[in-house]
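Subject: A structure for you to look at

Hi there,

Here is the structure I promised to pass on. Please open it next to this email and follow along as you read.

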Amino acid sequence: MSAAGKSGRAQQMRAQAQDLEQAAERATDPQERQRLKDKARRLKEQSEHAGGTGKPDIDPTM
């Protein structure tokens, strides 16, 4: 897979993790809330391995 493909996949995974975190905040059942948070955390970890951390590039010369 190309670097751009990996980066796009990682970005997609981070977006899905964000959606899961939002769903966890809305969940009324504590077990469901924890399950969603755990799944979001795992997706974030996978996205870091798949294509970077998602942090914006910072120009060190600025």
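Below is what was found in it, starting with the whole chain and ending with some pairs of side chains.

A word on the source: this is a predicted model, in which local features need pLDDT of at least 70 and side-chain atom pairs count only at pLDDT 80 or more, while totals for chains, interfaces and linings use all residues. Residues are numbered from 1 along each chain as its sequence is written, and side-chain values use heavy atoms, with hydrogens and water left out.

**The whole chain**

The chain has 2 helices and 0 strands. Both terms refer to DSSP runs numbered from the N terminus (H or I and at least four residues for helices, E and at least two for strands). Of its 62 residues, 16% count as buried; that word means under 20% relative accessible area, with exposed meaning over 50% and partly exposed in between (1.4 Å probe, protein chains only). The chain exposes about 4,900 Å², and carbon and sulfur atoms supply 49% of that area. Accessible areas come from the Shrake-Rupley method with a 1.4 Å probe, and for residues only the protein chains shown count as cover.

Contacts here are heavy atoms within 4.5 Å. Among contacts in the chain with a separation of 6 or more, 52% come from residues 24 or more positions apart.

**A17**

Find A17 in helix 1, which covers residues 3-26. Is A17 buried or exposed? Its relative accessibility is 0%, so A17 counts as buried. Leaving aside residues up to four places away in sequence, A17 touches A40, L43 and K44. The C-alpha atoms of A17 and R42 are 8.3 Å apart, although 25 residues separate them along the chain.

**Salt bridges**

How many salt bridges are there? The count comes to 3, taking a salt bridge as a side-chain nitrogen of Lys or Arg within 4 Å of a carboxyl oxygen of Asp or Glu.

- K44 and E21 meet at 2.6 Å, N to O. K44 is in helix 2 (residues 30-51) and E21 in helix 1, so this pair ties together parts 23 residues apart in sequence. K44 is partly exposed at 33%, as is E21 at 25%.
- E32 and R35 meet at 2.8 Å, N to O. Being 3 residues apart in helix 2, they are separated by about one helical turn.
- E45 and R41 meet at 3.3 Å, N to O. They are 4 residues apart in helix 2, again about one helical turn.

Enjoy exploring!

Best wishes
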